[in-house]
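Colleague: Hi, could you walk me through this one? I have some quick things to ask.

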Amino acid sequence: MDVLAELNPAQREAVEAISGPVLILAGPGSGKTRVITHRVAYLITVCGVSPLRIMAVTFTNKAAREMAERLFNLVSGSAEQLTLGTFHAICARILRQDGRALSIDPRYVIYDADDQQRLLKRAMQEIGIDPKQYAPPAVGAAISWAKSHMLAPADYVRRGRSYFEEIVSRCYERYQQLLTESNALDFDDLLMKTVQLFQKSPDILSRYQSRYLHILVDEFQDTNLVQYELVKQLAAGHRNICVVGDPDQSIYSWRSADLRNILSFESDYPDAKIVLLEQNYRSTKTILDTASSVISANAQRKPKNLWTDNEAGELARVVETYTEQEEAQFVVSEIERLVDVGEARLGDCSVMYRTNAQSRVIEEAFIRYGVPYKLVAGTRFYERREVKDVIAYLRLVHNPQDTVSLMRIVNVPGRGIGQQTLARLSEWARSLGIAPSEALRLLAGSPESDNAPEHPFSPRAARLLADFWTMVGDLMARSREMDLIALFDTVVESTGYRDYLASGEGGEERWENILELRGVAQEYRHLGPSEGLAALLEGVALVSDVDSLDETTDRVTLITLHQAKGLEFPVVFIVGMEERLLPHIRSFDDPAQMEEERRLCYVGITRAKRRLYLVYSFRRTLMGSSTLTRPSRFLEDIPRHLISTPGWWQEGTDRVTEAVYSWNRPPSDAPDRPREPVVPGELPHLKAGDHVRHTQFGEGVVVSCKEVRDDSEVTVAFVDQGVKRLLLSYAGLTKTS
DNA sequence: CGAAAGGCTCTTTTT
DNA sequence: GAGCCTTTCG
């Protein structure tokens, strides 16, 4: 087939520019993925490049999988020979292969954010830094920043900018020692160590350089400095480097992503061909205009000329609800309505939010109304306690030095090894300058003989620890010849973990999760004992939440705005369009971060193909207490003519809001009726004991009345409906006595 | 040693 | 509201 057919001129240009550096600036919905896949297909089928010599870097595993699928359709079999994956996955493979040159044992394990946190706390404790005074997450973020800038502990020390950095550098140093001791790498290490490997071993680098004739990087605006350095290293020989990105969709600066990489690319490769993809195929004109109006308010940006041939479509709807529960309720019932009238299928609809915490209320509404949904993060599967526990056992068997896994499961199920004993173990190991597991080995190696090492344990504790390690040793021995699934089952059984689950809370469900993990392990079975285990552990370490998103089921998608990047849906609801939430309060004191919030909003809007709802709630419970909100400033930048207008004017702004409060929602056969806002003061002031009537809730007695801003919040005990809190000006109350 | 209860803090986004 | 940590009691 002709891989150039069905491409517009700009897309075709991007596909055909195969030699030398290329920068593709791709607006949302401009067929970016199409360009990348067709470019690879073009290289293979037209230019005769072997797929073995092409590297394509994606942002998530899911994106990689999709690209592989699409490529399979274009070039059939040869797609699987491609090097295709995230930076982290590709680096993990390189280090597994060649890490020895940096003294990295190929059995290394990958620590996720939670493991990282545990190890960091350990490090801080050891060097006597109070976690109350220096929050481990903040220290961890600083360490991550350092690694993203390729600063080893020694380099970081030399910065010496502030007292905090001084503290961080000490934590960093010890943390890194503990990682090495555990034969473990964290996410940032995967990238940093690969760059270091290439710096240290030019021969290894040149092997990769000559292998990869063509390199493509997607979502380039969200790469950080190490990632860009890696790209430069790999592309240094042949310079066939193609990066694709959109500065307006840069939303990961908190992960040290730096959209300045795009500018650097232009200066590092002054001969780079720049291709602009500006035609949007995804959204209606209204949605695209809405998105543009929001993003245009960013000062630090190059103006773009996005356009579309698509029809104008429906106006955007800006909706106000009273509480977050009603917000969720509105979303669910509106989706039901769209489905009822045949406007959309459930699978066409998505609900996007700024913070994961918002998903709970939304989810509850979907459950209550019995509408099928899929939650992209949830309690992420691989973060569940039981799943992590079993993985910890497997990791320990694979790499006995893994301190975090050891400490995690040494007493799970309970083996009578308490905190006191573990504290002594840590201290003892540290005094000997060895990892805790190594200390256990000493202890278990010569149990009751006279040449047993001096140790600080009671006879009982020593025996329990030795028994535990004997059990681990036994599993290790068996793992070398045992089939992966047999090993899995043995681990779960012989450690007593299965019985432990069965006897605890929610054992059934937890056991289901273990079986699901077992199902994942099945996929690695064919690789043979040790190989399979290594591959399984690497696989589970590098999955992301969106990876599991399944587009084939007809369910509503609940997703964070960050996760939504790269996806599209016919119908999009963005909820929590409020000051302090979107934009998030943490961005208020930093203009650059505020611009990123705006980009996040832009990303959300541009996911929509046909219908867009921007929803906010008048009240919201944050951190356990309910507060009044203000509509997001981003709403003010949307011109009125793009918004549907059955609502009411908000004084002093250009904003039109549609208020959807459950108690004055019209009967389902009537069209939406705009609510008449009641001017405060028309009602006599209510006080406790007054009898009132509400249009929906019926008769009730006022419990209390509290002034809020220039309104009053009335708490009413209704005869049939229980106690409700209402806002005086909106509630439509009549005084009856 | 381990379970349970109480008290504290802090909440963004994730490979 | 939740998750973490500490304290307390058995």
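**Loops, a helix and the DNA**

Modeller: Let's begin with proline 413, which is found in the loop between helix H17 (403–409) and H18. Helices (H or I, at least four residues) and strands (E, at least two) are DSSP runs, numbered from the N terminus. This is a predicted model, where local features need pLDDT of at least 70, side-chain atom pairs count only at pLDDT 80 or more, and totals for chains, interfaces and linings use all residues. Residues are numbered from 1 along each chain as its sequence is written, chains are lettered from A and ligands numbered from 1 in the order in which they are written, and side-chain values use heavy atoms, with hydrogens and water left out.

Colleague: Thanks! What kind of peptide bond joins valine 412 and proline 413, cis or trans?

Modeller: Cis, with omega about 0 degrees. Leucine 582 to proline 583 is also a cis peptide bond, with omega near 5 degrees. You'll find proline 583 in the loop between strand E15 (569–574) and helix H26 (591–605). As background, most peptide bonds are trans, and most residues other than glycine have a negative phi.

Colleague: OK, phi then. Which residue other than glycine has a phi near 70 degrees?

Modeller: Serine 256 does. Serine 256 is found in the loop between strand E7 (241–245) and helix H12 (260–268). Arginine 580 has a positive phi too, about 85 degrees, and is found in the loop between E15 and H26.

Colleague: Is serine 256 buried or exposed?

Modeller: Serine 256 counts as buried because its relative accessibility is 9%. Buried means under 20% relative accessible area, exposed over 50%, and partly exposed in between (1.4 Å probe, protein chains only). Arginine 580 is partly exposed, at 44%.

Colleague: Switching to H11: how many of its residues are buried?

Modeller: In helix H11 (residues 225–235), 8 of the 11 residues are buried. Among them are Val226, Tyr228, Leu230 and Leu234.

Colleague: And what caps the N-terminal end of H11?

Modeller: Asparagine 224 does, with a side-chain oxygen 3.2 Å from the backbone nitrogen of valine 226.

Colleague: Now the DNA. How many residues surround DNA strand B?

Modeller: 27 residues do, and the closest are Arg354, Asn356, Thr421, Ser544 and Met623. Sugar and phosphate make up 53% of the atoms of DNA strand B that come within 4 Å of the protein. A residue is near a strand if one of its heavy atoms lies within 4 Å of it.

Colleague: Which helices each supply at least two residues of that surface?

Modeller: Helix H18 (419–432) and helix H25 (561–564).

Colleague: What lies close to the phosphate oxygens of DNA strand B?

Modeller: One is threonine 421, with a polar side-chain atom 2.7 Å from a phosphate oxygen. For glutamine 563, a polar side-chain atom is 3.1 Å from a phosphate oxygen of DNA strand B. With glycine 418 a backbone N or O atom is involved, at 3.3 Å.

Colleague: Last topic: how many disulfides does a search of the whole structure find?

Modeller: 0. A disulfide is a pair of cysteine sulfur atoms within 2.5 Å.

Terms used:
Polar contact = N/O pair within 3.5 Å; in protein donor to acceptor, adjacent residues only side chain to side chain.
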